[in-house]
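Have the sequence and the model side by side as you read.

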Amino acid sequence: MDMNNKTVLIADDSEINRDILRFIFEEQYYILEAEDGAQVIDILDKEHDKISMLFLDLVMPNKTGLDVLDYMNKKNYINTIPVIMITGEATAESDIKAYEYGASDIIYKPFEPKVVMRRTMNLIELFEHRTHLEKKLEQRTKELIKSREQLEKNNEFLINALSSVVEFRSLESGEHIKRIKYFTKIILNRLMKFFPEYNLTKEQIDLIVNASALHDIGKIAIPDSILLKPEKLTKSEFEEMKKHTTYGCELLEKFKREDSEFYRYCYDICRYHHEKYDGNGYPDGLKGEEIPIWAQVVSIVDVFDALVSKRVYKIPYASEEVVRMIQEGECGVFSPTILECFELSRIDLFKASELISYADNSIS
């Protein structure tokens, strides 16, 4: 890793502590220093795009280390600048608070210089790699959404590219996106045939099918520690994971030029595909027909795919069990219309699932 022109900010009201840390890093990094919390904030506002690491004392004049972390969260600096708390007065409560505010590590005084150096380099490399990846993905997304004309001419290319962002970050199989699109089309065709009151056309179905591939695009904003966690999420982690519905909408809104039918489908599916007919879904707790019908369709096929697919933590459920769980509301309540469409489509859904899974296994 090229250490040239990298900056470390050392914030501690003790001059000797600053001297020790400066001695450790001054050969590899340009050093900035602050002796109180207010100075830290002032330097962050001016130099945040150059800072590779912040060593932050917990107890400082004017503003504490926790105050600084709170400010970094508000300004979104915490996502690009790793923070190591340096303290000799920590408690379990302050440690927990520091981690909740986004501190990457805590080192207790007195500390071993070689340990500090190694932990620092590891964190800087991790943040640089993540930042580079996210900037690359963001730039790619901007390029794909830049032209409305290109979007109209080549929706399929755009959708595949954006959905691959989610696959790349969450390590999901690309087959999940293919299955969601295919299952969505099956259900929508039944809806158009047997429920004409929804006035669906083939052109609308094509747009909705493409939009369904973006249902989880908001996951690119979920921290790796949650998105890639192999164990069951904690309550607070699950609350953060649930925000992918609104994060996806924020991403879409950021690149929107004007309202369009396709944008509305994308937005509704991103935001509402975890809403449930009885009002017990998220993020808005919509109930009944408040939930757009296209979001209801993606919701049931997302659940169906989760049940019939192999995951690291489970084997696929048997087809009879899948049907029972969906019909009896074990995976959330669906409308009578959606359940009827599911029943009318179940044979085709299971066949499609087997065919796509077989193709995936053949390739792998």
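Leaving aside neighbours within four places in sequence, which residues is T120 in contact with? They are F25, M53, F55 and I84, where contact means heavy atoms within 4.5 Å.

## Ground rules

This is a predicted model, so local features need pLDDT of at least 70 and side-chain atom pairs count only at pLDDT 80 or more, while totals for chains, interfaces and linings use all residues. Residues are numbered from 1 along each chain as its sequence is written, and side-chain values use heavy atoms, with hydrogens and water left out.

## T120

You'll find T120 in helix α5 (residues 113-145); helices here are DSSP runs of H or I with at least four residues, and strands are E runs of at least two, numbered from the N terminus. T120 counts as buried because its relative accessibility is 0% (buried is under 20% relative accessible area, with a 1.4 Å probe and protein chains only). A polar atom of the T120 side chain sits 2.6 Å from the backbone oxygen of V116.

## D57

D57 belongs to strand β3 (residues 51-57). D57 is buried too, at a relative accessible area of 5%. Not counting residues up to four places away in sequence, D57 touches A11, D12, D13, G65, M85, I86, T87 and K109.

## Helices α11 and α12

Helix α11 (residues 235-242) and helix α12 (residues 244-255) have axes that come within 5 Å and cross at roughly 30°. That makes α11 roughly parallel to α12 (angles under 35 degrees). On the α11 side, E240, M241 and K242 meet H244, T245 and Y247 of α12.

How values were computed:
Axes fitted to C-alpha atoms, helices over the stretch in contact; angles between N-to-C directions. Parallel < 35°, antiparallel > 145°, perpendicular 65-115°, else oblique. Buried < 20%, exposed > 50% of the residue type's maximum accessible area, 1.4 Å probe, protein only. Polar contact = N/O pair within 3.5 Å; in protein donor to acceptor, adjacent residues only side chain to side chain.
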